[in-house]
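Have the sequence and the 3D view open side by side while reading.

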Amino acid sequence: MFSREAITALQAARSVTVLTGAGVSAESGVPTFRGAGGLWRNYQATSLATPEAFAKDPELVWEFYNYRRELLAPLKPNPGHFALAALEAAAPGFALVTQNIDNLHRIAGAKNLIELHGNIWQVRCSDPVCESAAAPRENREVPVSPIPPRCGICGGHLRPHVVWFGEMLDPEVIGTAIRAAEESDFFIVAGTSAVVQPAAGMPLLARRAGAFVLEVNPERTDLSPAMNESVQAASGEALPTLVEAAFGG
Ligand code: OAD
């Protein structure tokens, strides 16, 4: 499935960085963004996951997130998540950058995890001047009740700690992710359609900085031609095979 060159480069790497997207969680039962489905009641998810929708109707947006919490709560990491945790344990330096908000990498044992788009199990105050806005905290209620939940500090509405459409990513989080891409000797991009920036640019940055760049995705993507190697396979099968070939036995 993987070339000898890829395996050797992975074994020799001092620093490995991985970028994942929704496809890595597909085998756990999480729907991808650009696949089938995507309507909740009669709403497009993209019209509810916005600051404007929350300002207009915070209760409706929280109903949507309660639905997503119910969907995600019972799901478990798949062999792809576990293989990346094993890779983290085997590699001298490692960072996992994910666009996923589902927490499955952490449940699988990821330690140096950079969550570009936040985490659905965290909340923060929606008022940017409140100190809680900069200090997300865990909330595992399924469902969250009552909605919208209130901030204990200022009484404002709490919101999910996720990046919504039309919002900027946290510049510090992006900076850490970009540094990890540039410093890596081996870069894996798995389960992302690689159309949303800045994540989509990271594999190219890594390649320009000298890393061996490997893509794992059942489909070819816009990134595929620019990779050192592009393997068309599901990550739950391919990632365990890769880690076993490089570090097993
Ligand atoms: P997409 O839904 O755009 O892409 C999912 C990718 O996973 C596709 O390229 C599929 O071919 C691939 N895929 C499907 N099954 C797979 C499997 N078993 N193994 C490996 N790959 C598989 O999801 P993302 O690229 O994550 O942002 O989307 C990026 C961002 O767009 C999301 O984080 C979200 C959305 O806007 C925010 O919510 C801010």
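**Around the ligand**

The side chain of S193 has an N or O atom 2.5 Å from an oxygen atom of the ligand. This is a polar contact, meaning a pair of N or O atoms within 3.5 Å; within protein, one must be able to donate a hydrogen and the other to accept it, and residues adjacent in sequence count only if both atoms are side-chain atoms. The model is predicted, and local features need pLDDT of at least 70, side-chain atom pairs count only at pLDDT 80 or more, and totals for chains, interfaces and linings use all residues. Residues are numbered from 1 along each chain as its sequence is written, and side-chain values use heavy atoms, with hydrogens and water left out.

A nitrogen atom of the ligand lies 2.9 Å from a backbone N or O atom of S235, and a backbone N or O atom of G23 is 3.4 Å from a nitrogen atom of the ligand. On its own the ligand has 790 Å² of accessible area, and the protein covers 88% of this. Such areas come from the Shrake-Rupley method with a 1.4 Å probe; for residues, only the protein chains shown count as cover.

Which residues come nearest to the ligand? They are A22, R34, T192, S193 and N217, out of 21 residues around the ligand; a residue is near if one of its heavy atoms lies within 4 Å. By class, this shell holds 8 nonpolar, 10 polar and 3 charged residues. Here Ala, Val, Leu, Ile, Met, Phe, Trp, Tyr, Cys and Pro count as nonpolar, Asp, Glu, Lys and Arg as charged, and the others, Gly among them, as polar.

Strands (E, at least two residues) and helices (H or I, at least four) are DSSP runs numbered from the N terminus, and two strands pair if DSSP finds at least two bridges between them. Strand β1 (residues 15-20) is joined to β9 by 5 bridges, and L19 has V189 as its bridge partner in β9. Axes are lines fitted to C-alpha atoms, for helices over the stretch in contact, and angles run from 0 to 180 degrees between N-to-C directions; contact means heavy atoms within 4.5 Å.

Another open sheet has 3 strands, in the order β7-β6-β8, with antiparallel pairing. Its edge strands are β7 (137-138) and β8 (158-162). Between β6 (residues 118-125) and β8 there are 5 bridges, and C125 stands opposite L158 in β8. Helix α5 (residues 58-72) packs on this sheet and touches β6 and β8, its direction making about 145° with that of β6.

**Loops**

In the loop between β7 and β8 is P148, joined to I147 by a cis peptide bond with omega about -10°. A cis peptide bond also joins Q197 and P198, with omega about 5°; P198 sits in the loop between β9 (186-190) and α9 (202-208). N103, a residue other than glycine, has a positive phi near 75°, and its place is in the loop between β4 (93-98) and α7 (104-108).
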